[in-house]
Amino acid sequence: MRVLVFGAGAMGSLVGGLLSRKHETVLVGRKSHVAAIRQQGLRITGKTNLVVRPEAVEVLPREPDPDLVIVAVKAYDTANAARALKSLVGTALFLSLQNGLGNEETLAASGARVLGGVTNQGITFVGPGEVHHAGTGDTYIGPFERAEREDAVRVVEAFNESGLSSHLVGDIRAELWLKAIVNACINPLTALLRAPNGYVLRTSATERIVHDVIQEGVRVAARYGVDLIATDVFERVASVVQATAENRSSMLQDLERGRRTEIDAINGAIARLGRKQGQPVPTNALLAGLIAAAETAPTTR
Ligand code: PAF
């Protein structure tokens with residue numbers, strides 16, 4: 001399979017790096033990361049320990065011909081990614097492996113065949129040419145729009161062969177909501193507390209907040225036809241927290257680097273959709289507001 005990973009951040013680098021051992025893989029990323037990968041390869045440390053040599057480029061090759069495009073940019077960049085990748089819509093299959101709600105819809109609006117995907121890997125971007133695989137987690141992939149079950153089967157096989165434990169799911173929308181709520185629990189709390197994921201369920205105060213985020217999220221999802229059970233969601237949160245206990249969430253990493261976070265596509269999206277339905281969403285709204293404020297607070301720089 002020829003794979004193009006658009007967005008070689010922590011997640012894109014890990015997934016693309018592992019796939020490159022079995023598949024022709026091109027990573028599209030930032031200048032310094034690309035230069036380091038070209039010079040010394042991509043170093044993955046932690047749960048996975050190896051150096052791989054995927055092709056790395058700063059801009060899309062002039063005539064790319066991938067079978068699979070993995071979109072791994074931040075949620076607020078999905079619309080730009082869809083525009084940049086427009087020429088591949090007729091030939092390639094698209095897979096989003098992003099955090100947050102609405103990414104698959106944005107890619108599908110360009111006419112692409114889209115697979116939805118969620119992954120619970122905990123990965124830290126160490127610096128140019130290096131990512132740290134801090135926690136292993138499974139990946140769930142399924143047809144979202146215009147894609148067939150067989151498309152998802154091929155991708156799941158490719159992921160598993162490359163050491164990325166993956167599962168085919170029939171109802172990817174439910175997985176996307178479940179993951180969004182998991183992120184809504186873990187990401188803002190870890191970012192505000194400056195603590196690794198393992199801290200999220202270590203105090204009764206944070207555990208209460210997690211329960212409130214879940215209750216609100218489950219009610220909003222239900223109005224979109226996605227039926228989740230709050231206790232199952234809590235179990236998923238607990239298992240991701242445990243499996244990635246030492247990882248610093250992507251939102252914490254973003255705040256630490258003074259970068260914009262994905263809060264708008266996570267708690268922000270749950271709060272927005274809830275308000276539209278007239279549902280109370282105070283905890284998600286509060287966390288979204290606090291993270292938005294933290295993005296510009298001087299201590300984050
Ligand atoms: O955004 C993240 O950091 C990840 O989605 C996860 C699974 C919470 C692990 O840190």
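This is a predicted model: local features need pLDDT of at least 70, side-chain atom pairs count only at pLDDT 80 or more; totals for chains, interfaces and linings use all residues.
A polar contact is a pair of N or O atoms within 3.5 Å, and at 2.8 Å a polar side-chain atom of N197 and an oxygen atom of the ligand form such a pair.

**Ligand surroundings**

- The residues that surround the ligand are N99, N120, Q121, K179, N183, N187, N197, V240, N247, S249 and S250.
- Besides N197, whose polar side-chain atom lies 2.8 Å from a ligand oxygen atom, N99 places a polar side-chain atom 2.9 Å from an oxygen atom of the ligand, and an N or O atom in the side chain of N247 is 2.9 Å from an oxygen atom of the ligand.
- Taken alone the ligand exposes 280 Å², and the protein buries 96% of that area.

**Largest pocket**

- The largest pocket holds about 1,000 Å³ of space, and 46 residues line this pocket, of which G9, A10, M11, A72 and K74 are the closest to its centre.
- Two or more lining residues come from each of helix 1 (10-19), helix 2 (31-40), helix 3 (78-84), strand 9 (122-127), helix 6 (172-193) and helix 9 (250-256), and helix 6 gives the most, with five residues.
- Divided by class, the lining of the largest pocket has 16 nonpolar, 21 polar and nine charged residues.
- Both domain 1 (2-170) and domain 2 (173-296) take part in the lining of the largest pocket, each giving at least three residues.

**Second largest pocket**

- About 490 Å³ of space lies in the second largest pocket, which is lined by 26 residues, with L101, G102, N103, E105 and A269 the closest to its centre.
- Helix 4 (103-108), helix 6 and helix 10 (267-277) each contribute at least two residues to the lining of the second largest pocket.
- The lining of the second largest pocket is made up of twelve nonpolar, six polar and eight charged residues.
- At least three residues of the lining of the second largest pocket come from domain 1 (2-170), and at least three come from domain 2 (173-296).

How values were computed. Residues are numbered from 1 along each chain as its sequence is written. Side-chain values use heavy atoms; hydrogens and water are left out. On a 1 Å grid over the protein atoms alone, a cavity is a set of points where a 1.4 Å probe fits but cannot get out, and a pocket is an open set with protein on both sides within 12 Å along at least five of seven lines; lining residues have an atom within 4 Å of a point. Grid points are joined across faces, edges and corners, and a volume is the space filled by probe spheres set on the points. Helices (H or I, at least four residues) and strands (E, at least two) are DSSP runs, numbered from the N terminus. Ala, Val, Leu, Ile, Met, Phe, Trp, Tyr, Cys and Pro count as nonpolar, Asp, Glu, Lys and Arg as charged, and the others, Gly among them, as polar. Domain bounds come from an automatic or database domain assignment. A residue is near a molecule or strand if one of its heavy atoms lies within 4 Å of it. A polar contact is a pair of N or O atoms within 3.5 Å; within protein, one must be able to donate a hydrogen and the other to accept it, and residues adjacent in sequence count only if both atoms are side-chain atoms. Accessible areas come from the Shrake-Rupley method with a 1.4 Å probe; for residues, only the protein chains shown count as cover.
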